Amino acid sequence: MATEIRPPRRDEMHAYYRVLPYANGLPQWEPENAAWHGGPEPWPPQRAPATAQQLELWALDHEKDPSFHPVAAFTDGECVGASATISFEVTVPGGAAVPMAGVTSTAVLATHRRRGHLRGMMQAMFDAALRRGEPLAMLSASEGSIYGRYGYSPATHRTRWELDRHQAALLPAAPDPGSLELIRADEARRLWPALHAQVRARRVGELTPLSDQWDGLSDGAEGTGGAWRHLVHRDRHGAVDGLARFRLPWSPTAADAGTLVVEALEATDPAAYRALWALLLDFDLTKRVVAPARPRDEPLRWLLANPRAMRVTRQSDNLWARLLDVPAALARRSYDSPGELAIAVDDDLMCPANNGTWLLHAADGAAASCTATDRRPDLTVTTAALGSLYFGGASAHDLAWAGRVTAHTEGALGQLHRMFRTDPEPHNSFGF
Ligand SMILES: CC(C)(COP(=O)(O)OP(=O)(O)OC[C@H]1O[C@@H](n2cnc3c(N)ncnc32)[C@H](O)[C@@H]1OP(=O)(O)O)[C@@H](O)C(=O)NCCC(=O)NCCS
């Protein structure tokens, strides 16, 4: 059997989509408790196989999209594996937007699994991303056991928490000088891009939006999911400094009734953040608030009179990161603490140019540099551990205890921690 890994041609795109769960109706995520998503509706939502007309619409869209790079595995001419990268920019510590290959829509036909097709497609995607000058790859993993072998490791996280409305009093604060307004979806679609651009510039892990990122926002109800509602906060001068999106799902069970689900809440100012939460936590005719995909370090906890009222009901990895070009990636972020470390990498089979010792130098206020060195390494770090450390959300200590970071010189682990850690933690408000 002859196997070929290459981008699908235009006339092969329908066969390419048919491999993918989102087009063929098969599950695309490990079974999860519906509660993760807030409401009582089934998750993942059921999908019927896409019609030929839908497949053609996707093909037309993708044909016009220069950021979409599909790759496929063919066996004897039949498309048996499919994946793609989307070219994004991701905010790294210090605020730079770094080109990133977002790996998405990955599957191999059940009849052709465990024969190395994913590995072949991943290698092709890494090589192409490097040629485009993207020093990072990221993805969200349908199962936690698949992607570590390719050098990916969790970089951002999401937390689902819930709160009883009657325990949700906030500590007293000065009156809000701004104002809140419920708006229609068309206005929300207009306002989100500018607000997100401000959030993205400050938050490590945030991505450039897709061209249709907010097109799906509506005022209507989807199944039992409840109608969307959109809320805006403006400062005293009328400038938008916060937006939220929530819904009140219909429920057949008394336990789930009266739940308000916060799908999104972003603010550029602490007063706007507080005002949005204050309204959502005390919404008439509700008894519970669920926020399914929030950062691990949510300031709301510190606004509550009773911090225990906010219960974390699930925590999970979100985006996984993989450094494709170690020196380029390390030089693109900044480091809170100045310092110098010689970091050895010796396990990268897929991007072999990363193996070596890299001298990372970060001076106060200056751009960091990262160059090959003959110096004795201070630390050896696995390729995957670098993906977690890079965005600043992982503990150097924990990785060392897990054997993924090995310190060779006195004080190197503490220096790694001080240089790499970020506050607030990396987070992305949407994936891909
Ligand atoms: C996940 C998937 C794409 C892997 O494709 P594949 O061609 O079978 O993968 P490969 O043969 O290249 O496997 C590479 C390695 O990963 C392992 N692996 C692959 N899928 C795995 C899984 N679900 N769980 C554990 N290990 C897995 C293989 O055993 C192999 O291990 P090895 O390198 O030690 O030999 C395929 O199983 C699939 O389509 N699954 C259903 C859809 C899905 O989960 N898609 C992922 C969306 S993010």
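Is S105 buried or exposed? S105 turns out to be buried, with 20 other C-beta atoms within 10 Å; a residue is called buried here if 20 or more other C-beta atoms lie within 10 Å of its own, exposed if 12 or fewer, and partly exposed in between, with C-beta atoms placed from the backbone. Keep in mind that this is a predicted model, where local features need pLDDT of at least 70, side-chain atom pairs count only at pLDDT 80 or more, and totals for chains, interfaces and linings use all residues. Residues are numbered from 1 along each chain as its sequence is written.

**Overall build**

- The protein chain contains 11 helices and 19 strands; these are DSSP runs numbered from the N terminus, with helices being H or I of at least four residues and strands E of at least two.
- With a radius of gyration of 23 Å, close to the 22 Å from the globule rule for 432 residues, the protein chain is as compact as a globular protein of that length. The radius is taken over C-alpha atoms, and the rule is 2.2 Å times the number of residues to the power 0.38.
- Buried residues make up 40% of the 432 in the protein chain.
- Take the contacts in the protein chain between residues at least 6 apart in sequence: 73% of them link residues at least 24 apart. A contact means that two C-beta atoms, placed from the backbone, lie within 7 Å.
- The protein chain splits into domain 1 (3-134), domain 2 (159-316) and domain 3 (325-420), with bounds that come from an automatic or database domain assignment.
- The centres of domain 1 and domain 2, taken over C-alpha atoms, are 30 Å apart.

**Around the ligand**

- The ligand has 18 residues around it, and the closest are A107, R113, H117, L118 and S142. To be near a molecule or strand, a residue needs its C-beta atom, placed from the backbone, within 6 Å of it.
- At least two residues of this shell come from each of β4 (97-108) and α4 (117-132).
- By type, the shell has 6 nonpolar, 6 polar and 6 charged residues. Nonpolar covers Ala, Val, Leu, Ile, Met, Phe, Trp, Tyr, Cys and Pro, charged covers Asp, Glu, Lys and Arg, and the others, Gly among them, are polar.

**Cores and packing**

- The largest nonpolar core holds 71 residues, and L136, A137, M138, W320 and A321 have the most contacts inside it. Such a core is a set of buried Ala, Val, Leu, Ile, Met, Phe, Trp, Tyr and Cys residues joined through C-beta atoms within 7 Å.
- Both domain 1 (3-134) and domain 3 (325-420) give residues to this core, so it lies between them.
- Apart from that core there is another one, with 31 residues, including W192, L248, L265 and L280.
- Setting aside neighbours within four places in sequence, A321 is in contact with L136, M138, Y152, S153, A155, G387, Y390 and F391.
- Helix α6 buries A272, Y273, R274, A275, L276, W277 and L280. The cover over the buried residues of α6 includes β8 (179-183), β9 (228-234), β10 (240-247), β11 (259-267), β12 and α7 (300-303).
- L399 sits in helix α10 (residues 396-401) and is buried, with 23 other C-beta atoms within 10 Å.
- Not counting residues up to four places away in sequence, L399 touches A385, S388, L389, A394, R404 and V405.
- In helix α1 (residues 13-19) you'll find R18, which is partly exposed, with 16 other C-beta atoms within 10 Å. R18 touches A23 and N24, leaving out residues up to four places away in sequence.

- Most residues other than glycine have a negative phi, and most peptide bonds are trans.
- S105, found in strand β4, has a positive phi of about 45° although it is not a glycine.
- L285 has a positive phi too, near 65°. L285 is in the loop between α6 (270-280) and β12 (288-294), and it counts as exposed, with 8 C-beta neighbours inside 10 Å.
- The peptide bond from D423 to P424 is cis, with omega near 0°; P424 lies in the segment after α11 (412-420).
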